[in-house]
Amino acid sequence: PKQFKKGERVTTYFKLENKGNISARNVEVLLFINGKRKNKVEVTIPYGGFADIAIPWIAVKGKNELRLKAIEQ
């Protein structure tokens, strides 16, 4: 939705692909809502593969700007 209700439970789904030639281990995927970190997951993605990721979060009232960041540890 474009506008959220305060406290609305939301899950963001996406696919993260590893285009490299080695496995990406311990990749932290961080979810930011309106510039604040709200949740994170850790995944390992085999070379040439992908991970289907679902990250739950709680919305604030109105517009929520979502940003994702992936960091290999």
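## Rings and charges

A search through the whole structure turns up one aromatic pair; the rings of Phe, Tyr and Trp (its six-membered ring) pair if their centres lie within 6.5 Å, with planes under 30 degrees apart counted as stacked, over 60 as edge-to-face and the rest as tilted. This is a predicted model, in which local features need pLDDT of at least 70 and side-chain atom pairs count only at pLDDT 80 or more, while totals for chains, interfaces and linings use all residues. Residues are numbered from 1 along each chain as its sequence is written, and side-chain values use heavy atoms, with hydrogens and water left out.

Two charged side chains also meet rings here. K15 lies over the face of F50, 4.2 Å from the ring centre, and the charged end of R67 sits over the ring of F32, at 4.3 Å from its centre. For such a case, NZ of Lys or CZ of Arg must be within 6 Å of the ring centre and within 35 degrees of the ring normal.

## The chain at a glance

The protein chain has zero helices and five strands. Both kinds of element are DSSP runs numbered from the N terminus: helices are H or I with at least four residues, strands E with at least two. Along the sequence the pattern reads β-β-β-β-β.

The C-alpha atoms fill a box of roughly 45 × 20 × 15 Å, taken along the principal axes. Of the 73 residues, 32% are buried, where buried means under 20% relative accessible area, exposed over 50% and partly exposed in between (1.4 Å probe, protein chains only). Among contacts with a separation of 6 or more, 71% come from residues 24 or more positions apart; a contact means heavy atoms within 4.5 Å.

## Strand 2 and its partners

Let's follow strand 2 across its sheet. Strand 2 is joined to strand 3 by eight bridges, running antiparallel, and it pairs with strand 5 (residues 66–72) in the antiparallel sense over seven bridges. Strands count as paired if DSSP finds at least two bridges between them. I33 has a bridge partner on each side: K36 in strand 3 and L66 in strand 5.

Together, three strands form an open antiparallel sheet in the order 3-2-5. Strand 3 and strand 5 stand at the edges with a single partner strand each, so one side of each is left without a neighbour in the sheet. In the hairpin of strand 2 and strand 3, two residues lie between the strands, and N34 takes a positive phi near 50°.

The largest nonpolar core has 15 residues, and V29, V43, I53, I55 and W57 have the most contacts inside it. Such a core is a set of buried Ala, Val, Leu, Ile, Met, Phe, Trp, Tyr and Cys residues joined through side-chain atoms within 4.5 Å. Strand 1, strand 2 (24–33), strand 3 (36–45) and strand 4 (50–58) each give two or more residues to this core; strand 2 gives the most, with five. Strand 2 is also mostly covered, with eight of its 10 residues buried.

Leaving aside neighbours within four places in sequence, W57 touches F4, E8, R9, V10, T12, L31, I33, N64 and L66. L16, found in strand 1 (residues 9–17), is partly exposed, with a relative accessible area of 21%. L16 and D52 are 36 residues apart in sequence and 6.6 Å apart in space, C-alpha to C-alpha.
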